[in-house]
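Here's a quick walk through a two-chain model, one piece at a time. Have a look at the picture before reading on.

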Amino acid sequence: MSLGGSSTPLGKVRGLGSAHHGGEHWLTERVTSIALLLLGTWLIASLLLLPKLDQRTMIEWLRSPSGAIPMALLVIVGFKHALDGMKVFVDDYVHEPGNNFVVNTVLLFLAVGGGALALFALARIAFGAIA
Amino acid sequence: MAVSIIHRATGTALSFAGLGILTWWLFAISSGTDAYADFTKAATHPIGLIVLIGLTWSFFQHLLSGIRHLVMDTGAAFELGINKTFAILTIVGSVLLTAALWFYLLGGAK
């Protein structure tokens, strides 16, 4: 929490605003974007470099630490960045507080639920419950 | 202006369709051969291909215009000429990257 004494413009706004975390939201969106720059490029490069795109190849790839770990990070950071981005969109266009709360809450549930589904599927592949 | 709107549109497409298909794909891999065959059938259907090509373009466009936003966050590239050139380059770059990727994928390499 900054009270405005920090030296950078971002430092001055962190902790301020009506919700007290607008600065953090702004920064998080940018940090996750850099992570996704790496993870998204990793996903496309991996799919290009894999010999085949059949199920067996996918399972072997996602069972290895070099496949499973970046994929887990991609899912977590991807859903977080999507939620942060959609919140900007909603806050720009849905002004009535009740509607804003409802839409943002629905998006939060979708992002957390979707992320949980994807991580569950990945865990099932990575920890070998299927052949 | 246009590139800023496209940044939001591609971000929304990636959030819903992109993460939705990523989740479906992981579930298909984890759910046995029938589920994976269903996914492959949908993904290689002409409509599925159009959606996937659209999403890869959205990814590259959002990535490049995202880099543009990060540069502008530092206070740079606000001069009209540079700003416009940068905006156009994001579109040229995303189209070229998408074309290269899909020519490779559909060109028999996979």
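In what kind of crossing does α1(B) pass α3(B)? Left-handed, as it turns out: that is how α1(B) goes past α3(B). Bear in mind that this is a predicted model.

## A helix pair inside chain B

Let's stay with that pair for a moment. Helix α1 of chain B covers residues 2–30, and helix α3 of chain B covers residues 46–73. Their axes come within 9 Å and cross at roughly 130 degrees. An angle over 145 would count as roughly antiparallel and 65 to 115 as roughly perpendicular, so α1(B) and α3(B) are oblique to each other.

Who does the touching? On the α1(B) side, the contact is made by B:V3, B:I6, B:H7, B:T10, B:G11, B:A13, B:L14, B:A17 and B:G18. Facing them from α3(B) are B:V51, B:L55, B:S58, B:F59, B:Q61, B:H62 and B:S65. By class, this contact splits into eight nonpolar and eight polar residues, with no charged ones.

## Chain B as a whole

Along its principal axes, the C-alpha trace of chain B spans about 55 × 25 × 20 Å.

Of the 110 residues of chain B, 24% count as buried. As for contacts in chain B between residues at least 6 apart in sequence, 69% of them join residues at least 24 apart.

## Chain A as a whole

Chain A is built from helices too: five of them, and zero strands. From the N terminus on, its elements read α-α-α-α-α. The radius of gyration of chain A is 19 Å, well over the 14 Å that the globule rule gives for 131 residues, so chain A is more spread out than a compact globule.

The C-alpha trace of chain A spans about 55 × 35 × 25 Å along its principal axes. Of its 131 residues, 21% count as buried. Among contacts in chain A with a separation of 6 or more, 57% come from residues 24 or more positions apart.

## Where the chains meet

One pair worth a look is α4(A) with α1(B). Their axes come within 10 Å and cross at roughly 135 degrees, which makes α4(A) oblique to α1(B). Here, α4(A) passes α1(B) in a left-handed crossing.

From α4(A), the contact is made by A:G78, A:F79, A:A82, A:G85, A:M86 and A:F89. From α1(B), B:R8, B:G11, B:T12, B:S15 and B:L19 take part. The tally for this contact is five nonpolar, five polar and one charged. B:G11 is also listed in the contact of α1(B) with α3(B).

Technical notes: Residues are numbered from 1 along each chain as its sequence is written. Chains are lettered from A and ligands numbered from 1 in the order in which they are written. This is a predicted model: local features need pLDDT of at least 70, side-chain atom pairs count only at pLDDT 80 or more; totals for chains, interfaces and linings use all residues. Helices (H or I, at least four residues) and strands (E, at least two) are DSSP runs, numbered from the N terminus. The radius of gyration is taken over C-alpha atoms; the globule rule is 2.2 Å times the number of residues to the power 0.38. A residue is buried if 20 or more other C-beta atoms lie within 10 Å of its own, exposed if 12 or fewer, and partly exposed in between; C-beta atoms are placed from the backbone. Two residues are in contact if their C-beta atoms, placed from the backbone, lie within 7 Å. Axes are lines fitted to C-alpha atoms, for helices over the stretch in contact, and angles run from 0 to 180 degrees between N-to-C directions. Angles under 35 degrees count as roughly parallel, over 145 as roughly antiparallel, 65 to 115 as roughly perpendicular and the rest as oblique. A crossing is left-handed if the near helix is turned anticlockwise from the far one by less than a right angle, and right-handed if clockwise. Ala, Val, Leu, Ile, Met, Phe, Trp, Tyr, Cys and Pro count as nonpolar, Asp, Glu, Lys and Arg as charged, and the others, Gly among them, as polar.
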